Amino acid sequence: MASNNLQMAPDAPSQKSFGGRWALGILVLALLFVLMPFLFWNATWFGRPITDNQISHALADRSHPREIQHVLSQFETRIEKGDPSVRRWYPQMVVLAKDPIDEIRVTDAWVMGQDNTSQEFHTALLAMLNDPNPMVQRNAALSLVRFHDDSGHTLIVSMLRPYTMNSPEAGVLSTRLKNDDIVNPGTLLAHIESGGKKNEVRAQVPGTVERWLVPNGATVTAGQPILSLAPNESMAWEALRALFLIGTPADLPDVEHFVRDSGGMSPQVGAQAQATAREIQARANP
């Protein structure tokens with residue numbers, strides 16, 4: 001009878017189990033942890049192949065600088081592989097040498113150096129030595145070496161020396177970084193307060209904070225030197241490689257500085273400095 005009563009009784013409210021729902025939520029979250037970095041990497045990695053149609057769209061659109069940099073990196077790869085089809089884009093690359101966005105010109109100056117048979121690239125690079133952005137100037141100078149052109153020699157030597165940042169305007173300086181901090185182009189270095197407004201001062205070149213030339217809280221004038229940045233390793237490395245080809249005896253003090261003290265840089269920098277010094281001396285004393 002008891003069993004019959006149980007069968008006739010209304011069904012008891014079922015207990016909702018959260019186990020499956022929690023498991024699903026955890027699985028989705030885990031997938032997002034894996035998927036989001038991949039999507040970010042896929043969107044920012046310049047090694048991802050792109051089609052000619054995508055190239056045409058990016059160059060015509062011009063509203064996504066990262067896409068144009070991606071296109072330029074693909075051009076570099078094609079040039080290195082000796083792909084003649086890339087030459088159809090050379091006129092657009094020359095146009096990009098005057099693009100208003102600094103990052104595009106920086107990349108363009110480097111990529112045009114990959115084909116030292118192009119006279120149009122050679123001409124564009126010479127003009128870029130006078131670009132307002134120092135990183136564009138540096139890449140143009142390094143690229144010109146591939147054309148057996150030492151027009152950027154002075155710029156290349158300067159890459160082995162501390163870089164002086166000047167104040168972009170007058171006001172009260174408020175520093176953010178301390179000695180030995182590493183900076184890259186775009187790193188926020190300080191603020192300058194003027195007229196109740198704080199304006200940003202950002203790094204133009206990579207390097208390490210060597211010393212502030214004025215104290216925090218000081219009043220500065222426009223164009224006044226405010227910060228010294230020690231050379232960045234990759235810039236020093238590229239400069240030493242270039243001077244191996246175009247260096248002169250007058251450059252030896254700057255080169256030999258890295259033989260004696262590379263400032264904590266990797267051993268290959270010191271080794272390159274030694275090789276560059278020997279090559280310069282050999283050219284001077286054949």
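What follows is a tutorial dialogue on reading a predicted model.

Student: Let's start with the overall picture. How many helices and strands does the protein have?

Tutor: Keep in mind that this is a predicted model. The protein has 12 helices and 8 strands. Of its 286 residues, 41% count as buried.

Student: What share of the contacts between residues at least 6 apart in sequence join residues at least 24 apart?

Tutor: That share is 59% in this protein.

Student: On to the interior. What should I expect of nonpolar side chains?

Tutor: In soluble globular proteins, they tend to be buried together. In this model the largest nonpolar core has 72 residues.

Student: Which residues have the most contacts inside that core?

Tutor: Phe-75 and Ile-156 do. Take Ile-156 and leave aside its neighbours within four places in sequence: it is in contact with Ala-141, Leu-142, Val-145, Ala-239, Ala-242, Leu-243 and Ile-246.

Student: Now a helix. Is α6 largely enclosed or largely open?

Tutor: Count its buried residues, meaning those under 20% relative accessible area. In α6, 8 of the 11 residues are buried, so the helix is largely enclosed by the rest of the structure.

Student: Which residues of α6 are buried?

Tutor: They are Ile-104, Arg-105, Val-106, Thr-107, Asp-108, Ala-109, Val-111 and Met-112. Notice that Arg-105 and Asp-108 are on that list, and both count as charged.

Student: What do the buried residues of α6 pack against?

Tutor: Their packing partners are the helices α4 (65–80), α5 (90–96), α7 (119–128) and α8.

Student: What lies 2.5 Å from a polar atom of the Gln-137 side chain?

Tutor: The backbone oxygen of Asp-131 does. Not counting residues up to four places away in sequence, Gln-137 touches Met-128, Leu-129, Asp-131, Pro-132 and Leu-155.

Student: Pockets next. What is the volume of the largest pocket, and how many residues line it?

Tutor: The volume is about 480 Å³, and 17 residues form the lining. Val-106, Asn-133, Met-135, Pro-185 and Gln-204 lie nearest the centre of this pocket. You've met Val-106 already, as one of the buried residues of α6.

Student: Which helix gives the most to that lining?

Tutor: α6 does, with 4 residues. The helices α6 (102–112), α8 (134–145) and α10 (233–246) each supply at least two. By class, the lining divides into 8 nonpolar, 5 polar and 4 charged residues.

Student: And what about the second largest pocket: what is its volume?

Tutor: About 350 Å³. Its lining has 19 residues, with Thr-208, Ala-230, Pro-231, Gly-263 and Met-265 nearest the centre. There the largest share, 4 residues, comes from β6; β6 (207–212) and α11 (252–260) each supply at least two. The classes in this lining are 8 nonpolar, 7 polar and 4 charged.

Student: Where are they found?

Tutor: His-148 is in the loop between α8 and α9 (153–158), and Asp-180 is in the loop between β2 (171–175) and β3 (182–183).

Student: Are these two buried or exposed?

Tutor: The cut-off for exposed is over 50%. His-148 has 74% relative accessibility, so it counts as exposed. Asp-180, at 63%, also counts as exposed.

Note on methods: Residues numbered from 1 in each chain as written. Predicted model: local features only at pLDDT ≥ 70, side-chain atom pairs only at ≥ 80, totals over all residues. Heavy atoms only, no water. 1 Å grid on protein atoms, 1.4 Å probe; cavity = no way out; pocket = protein on both sides within 12 Å on 5 of 7 lines; lining within 4 Å. Points joined across faces, edges and corners; volume = space filled by probe spheres on them. Buried < 20%, exposed > 50% of the residue type's maximum accessible area, 1.4 Å probe, protein only. Contact = heavy atoms within 4.5 Å. Polar contact = N/O pair within 3.5 Å; in protein donor to acceptor, adjacent residues only side chain to side chain. Core = buried A, V, L, I, M, F, W, Y, C linked by side-chain atoms within 4.5 Å.
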